2 protein chains.
Amino acid sequence: MNFIDIIGLFAGICVTASVIPQIVKVWRTKKVKQISLLTFGILTFGIAIWVVYGILKKDFPIIITNSISLFLNLIMVYFLIYYEKEE
Amino acid sequence: MNFIDIIGLFAGICVTASVIPQIVKVWRTKKVKQISLLTFGILTFGIAIWVVYGILKKDFPIIITNSISLFLNLIMVYFLIYYEKEE
(Lines give C-alpha, C1' and ligand atoms only; values in the text may rest on other atoms or scores of the structure.)
Protein backbone atom coordinates (compact mmCIF):
# COMPACT_ATOMS: atom_id res chain seq x y z
CA MET A 1 0.00 0.00 0.00
CA ASN A 2 1.59 3.27 -1.12
CA PHE A 3 1.09 6.87 0.06
CA ILE A 4 -1.70 7.61 -2.43
CA ASP A 5 -3.59 4.43 -1.39
CA ILE A 6 -3.39 5.55 2.25
CA ILE A 7 -4.84 8.96 1.30
CA GLY A 8 -7.70 7.20 -0.54
CA LEU A 9 -8.30 4.91 2.43
CA PHE A 10 -8.34 7.90 4.81
CA ALA A 11 -10.83 9.74 2.56
CA GLY A 12 -13.03 6.62 2.43
CA ILE A 13 -12.98 6.20 6.23
CA CYS A 14 -13.97 9.88 6.73
CA VAL A 15 -16.87 9.73 4.25
CA THR A 16 -18.08 6.34 5.56
CA ALA A 17 -17.88 7.34 9.24
CA SER A 18 -19.39 10.80 8.71
CA VAL A 19 -23.00 9.60 9.08
CA ILE A 20 -22.34 8.20 12.59
CA PRO A 21 -22.70 11.55 14.48
CA GLN A 22 -26.04 12.11 12.70
CA ILE A 23 -27.25 8.62 13.68
CA VAL A 24 -26.21 9.26 17.31
CA LYS A 25 -27.93 12.69 17.31
CA VAL A 26 -31.22 11.22 15.99
CA TRP A 27 -30.97 8.28 18.41
CA ARG A 28 -30.62 10.69 21.36
CA THR A 29 -33.12 13.37 20.38
CA LYS A 30 -35.67 11.22 18.44
CA LYS A 31 -36.21 14.33 16.29
CA VAL A 32 -35.98 14.11 12.50
CA LYS A 33 -38.32 16.74 11.02
CA GLN A 34 -35.51 18.99 9.74
CA ILE A 35 -33.62 16.11 8.13
CA SER A 36 -34.34 15.27 4.50
CA LEU A 37 -35.50 11.67 4.03
CA LEU A 38 -35.09 12.24 0.28
CA THR A 39 -31.38 13.07 0.79
CA PHE A 40 -30.70 9.92 2.80
CA GLY A 41 -32.93 7.84 0.52
CA ILE A 42 -31.10 8.89 -2.68
CA LEU A 43 -27.74 8.57 -0.88
CA THR A 44 -28.52 5.02 0.30
CA PHE A 45 -29.76 4.03 -3.17
CA GLY A 46 -26.58 5.48 -4.74
CA ILE A 47 -24.37 3.61 -2.27
CA ALA A 48 -26.24 0.35 -3.04
CA ILE A 49 -25.47 0.93 -6.75
CA TRP A 50 -21.78 1.46 -5.79
CA VAL A 51 -21.83 -1.98 -4.14
CA VAL A 52 -23.25 -3.48 -7.36
CA TYR A 53 -20.53 -1.64 -9.34
CA GLY A 54 -17.86 -3.04 -6.99
CA ILE A 55 -19.23 -6.59 -7.39
CA LEU A 56 -19.31 -6.27 -11.21
CA LYS A 57 -15.72 -4.92 -11.21
CA LYS A 58 -14.61 -7.40 -8.50
CA ASP A 59 -13.16 -4.36 -6.68
CA PHE A 60 -13.07 -5.38 -3.02
CA PRO A 61 -12.19 -1.99 -1.47
CA ILE A 62 -15.25 -0.49 -3.20
CA ILE A 63 -17.45 -3.43 -2.08
CA ILE A 64 -16.28 -3.30 1.54
CA THR A 65 -16.32 0.50 2.15
CA ASN A 66 -19.67 0.92 0.40
CA SER A 67 -21.20 -2.07 2.21
CA ILE A 68 -20.35 -0.43 5.56
CA SER A 69 -21.75 2.90 4.27
CA LEU A 70 -24.87 1.11 3.05
CA PHE A 71 -25.41 -0.51 6.46
CA LEU A 72 -24.99 2.83 8.32
CA ASN A 73 -27.23 4.76 5.94
CA LEU A 74 -29.93 2.08 6.08
CA ILE A 75 -30.00 2.61 9.88
CA MET A 76 -30.34 6.35 9.22
CA VAL A 77 -33.22 5.86 6.74
CA TYR A 78 -34.95 3.51 9.20
CA PHE A 79 -34.64 6.11 11.98
CA LEU A 80 -35.98 8.87 9.71
CA ILE A 81 -39.08 6.82 8.83
CA TYR A 82 -39.58 5.46 12.37
CA TYR A 83 -39.22 8.78 14.25
CA GLU A 84 -41.16 10.73 11.62
CA LYS A 85 -44.22 8.66 12.63
CA GLU A 86 -43.52 9.20 16.34
CA GLU A 87 -43.47 13.01 16.13
CA MET B 1 -17.94 3.79 -21.91
CA ASN B 2 -19.21 0.29 -21.13
CA PHE B 3 -22.18 -0.94 -19.06
CA ILE B 4 -20.20 -1.10 -15.78
CA ASP B 5 -18.91 2.48 -16.29
CA ILE B 6 -22.50 3.67 -16.76
CA ILE B 7 -23.51 1.96 -13.49
CA GLY B 8 -20.60 3.68 -11.71
CA LEU B 9 -21.53 7.03 -13.22
CA PHE B 10 -25.17 6.56 -12.17
CA ALA B 11 -24.08 5.69 -8.59
CA GLY B 12 -21.84 8.76 -8.52
CA ILE B 13 -24.62 11.06 -9.75
CA CYS B 14 -27.03 9.71 -7.07
CA VAL B 15 -24.53 10.14 -4.22
CA THR B 16 -23.41 13.59 -5.45
CA ALA B 17 -26.95 14.90 -5.98
CA SER B 18 -28.33 13.42 -2.74
CA VAL B 19 -27.38 16.44 -0.61
CA ILE B 20 -29.47 18.81 -2.79
CA PRO B 21 -32.88 18.06 -1.15
CA GLN B 22 -31.29 18.71 2.28
CA ILE B 23 -29.85 22.04 1.08
CA VAL B 24 -33.27 23.04 -0.31
CA LYS B 25 -35.00 21.99 2.94
CA VAL B 26 -32.61 24.06 5.08
CA TRP B 27 -32.86 27.00 2.67
CA ARG B 28 -36.68 26.95 2.96
CA THR B 29 -37.10 26.29 6.68
CA LYS B 30 -33.94 28.01 8.03
CA LYS B 31 -33.94 25.29 10.71
CA VAL B 32 -30.84 23.21 11.35
CA LYS B 33 -30.83 22.18 15.04
CA GLN B 34 -31.53 18.50 14.35
CA ILE B 35 -28.85 18.23 11.67
CA SER B 36 -25.35 17.16 12.70
CA LEU B 37 -22.69 19.74 11.78
CA LEU B 38 -20.09 17.11 12.70
CA THR B 39 -21.55 14.72 10.07
CA PHE B 40 -21.42 17.32 7.28
CA GLY B 41 -18.03 18.61 8.50
CA ILE B 42 -16.38 15.18 8.41
CA LEU B 43 -18.12 14.37 5.12
CA THR B 44 -16.88 17.61 3.49
CA PHE B 45 -13.35 17.02 4.81
CA GLY B 46 -13.41 13.42 3.47
CA ILE B 47 -14.64 14.61 0.05
CA ALA B 48 -11.82 17.24 -0.05
CA ILE B 49 -9.33 14.40 0.60
CA TRP B 50 -10.95 12.45 -2.30
CA VAL B 51 -10.25 15.45 -4.57
CA VAL B 52 -6.59 15.42 -3.43
CA TYR B 53 -6.50 11.65 -4.09
CA GLY B 54 -7.94 12.21 -7.58
CA ILE B 55 -5.34 14.91 -8.33
CA LEU B 56 -2.47 12.68 -7.13
CA LYS B 57 -3.79 9.79 -9.26
CA LYS B 58 -4.69 12.11 -12.18
CA ASP B 59 -8.11 10.43 -12.13
CA PHE B 60 -10.45 13.00 -13.69
CA PRO B 61 -13.81 11.28 -12.95
CA ILE B 62 -12.85 11.23 -9.24
CA ILE B 63 -11.70 14.89 -9.37
CA ILE B 64 -14.84 16.11 -11.14
CA THR B 65 -17.52 14.19 -9.19
CA ASN B 66 -15.89 14.94 -5.84
CA SER B 67 -15.36 18.62 -6.70
CA ILE B 68 -19.11 18.96 -7.34
CA SER B 69 -19.82 17.09 -4.07
CA LEU B 70 -17.34 19.33 -2.25
CA PHE B 71 -19.03 22.46 -3.57
CA LEU B 72 -22.53 21.25 -2.57
CA ASN B 73 -21.42 20.11 0.89
CA LEU B 74 -19.58 23.38 1.55
CA ILE B 75 -22.90 25.16 0.94
CA MET B 76 -24.50 22.76 3.43
CA VAL B 77 -21.80 23.38 6.09
CA TYR B 78 -22.14 27.15 5.55
CA PHE B 79 -25.94 26.93 6.03
CA LEU B 80 -25.53 24.82 9.19
CA ILE B 81 -23.17 27.37 10.75
CA TYR B 82 -25.13 30.41 9.53
CA TYR B 83 -28.64 29.25 10.57
CA GLU B 84 -27.39 27.76 13.86
CA LYS B 85 -26.54 31.33 14.92
CA GLU B 86 -29.92 32.64 13.70
CA GLU B 87 -31.98 30.21 15.79
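This is a predicted model: local features need pLDDT of at least 70, side-chain atom pairs count only at pLDDT 80 or more; totals for chains, interfaces and linings use all residues.
**View 1. The interface between chain A and chain B.** In this view, 31 residues of chain A are in contact with 31 residues of chain B. Putting the two chains together buries about 3,100 Å², and carbon and sulfur atoms give 73% of that area. On the chain A side, the residues that lose the most area to chain B are Ile4(A), Gln34(A) and Thr39(A). Together these three residues account for 20% of what that side buries.

**View 2. Polar contacts and helices at the interface.** Between chain A and chain B, 17 residue pairs are in polar contact, counting pairs with both residues at pLDDT 80 or more. The number of salt bridges found across this interface is zero. Three helices of chain A each supply at least two residues to the side that touches chain B: helix 1 (3-17), helix 2 (19-29) and helix 3 (37-57). Helix 3 of chain A gives the most, with twelve residues. By residue type, the side of chain A that touches chain B divides into 19 nonpolar, eight polar and four charged residues.

**View 3. Helix 2 of chain B and its surroundings.** Helix 2 of chain B covers residues 19-29. Its buried residues are Val19(B), Pro21(B), Gln22(B), Ile23(B) and Val26(B). What do the buried residues of helix 2 of chain B pack against? Within chain B, they pack against helix 1 (3-17), helix 3 (37-57) and helix 4. From the other chain, helix 3 of chain A joins these partners. Helix 2 of chain B is followed by Lys30(B). The phi of Lys30(B) is positive, near 60°.

View 4. Gln22(B) is in helix 2 of chain B. Is Gln22(B) buried or exposed? Gln22(B) counts as buried because its relative accessible area is 0%, and the cut-off for buried is under 20%. The side chain of Gln22(B) reaches across to chain A, where the backbone oxygen of Gln34(A) is at 3.1 Å. Leaving out residues up to four places away in sequence, Gln22(B) touches Gln34(A), Ile35(A), Ser36(A) and Thr39(A) in chain A.

**View 5. Pro21(A) against chain B.** Pro21(A) lies in helix 2 of chain A. Pro21(A) has 19% relative accessibility and therefore counts as buried. Apart from neighbours within four places in sequence, Pro21(A) is in contact with Ser36(B), Leu38(B), Thr39(B) and Ile42(B).

**View 6. Asn73(B) in helix 4 of chain B.** Helix 4 of chain B, residues 60-86, holds Asn73(B). With 4% relative accessibility, Asn73(B) is classed as buried. Which residues does Asn73(B) touch, not counting those up to four places away in sequence? They are Val19(B), Phe40(B), Leu43(B), Thr44(B) and Ile47(B). Val19(B) is also one of the buried residues of helix 2 of chain B.

**View 7. Cys14(A) and Cys14(B).** Cys14(A) is buried, at 9% relative accessible area. Cys14(B) also counts as buried, with a relative accessibility of 9%. A disulfide is a covalent bond joining the sulfur atoms of two cysteines. How many disulfides does a search of the whole structure find? Over all chains, the search finds zero.

Key: Residues are numbered from 1 along each chain as its sequence is written. Chains are lettered from A and ligands numbered from 1 in the order in which they are written. Side-chain values use heavy atoms; hydrogens and water are left out. Contact means heavy atoms within 4.5 Å. Buried area is the accessible area (1.4 Å probe) that two parts lose on being put together, summed over both. A salt bridge is a side-chain nitrogen of Lys or Arg within 4 Å of a carboxyl oxygen of Asp or Glu. A polar contact is a pair of N or O atoms within 3.5 Å; within protein, one must be able to donate a hydrogen and the other to accept it, and residues adjacent in sequence count only if both atoms are side-chain atoms. Helices (H or I, at least four residues) and strands (E, at least two) are DSSP runs, numbered from the N terminus. Ala, Val, Leu, Ile, Met, Phe, Trp, Tyr, Cys and Pro count as nonpolar, Asp, Glu, Lys and Arg as charged, and the others, Gly among them, as polar. Buried means under 20% relative accessible area, exposed over 50%, partly exposed in between (1.4 Å probe, protein chains only). A disulfide is a pair of cysteine sulfur atoms within 2.5 Å.
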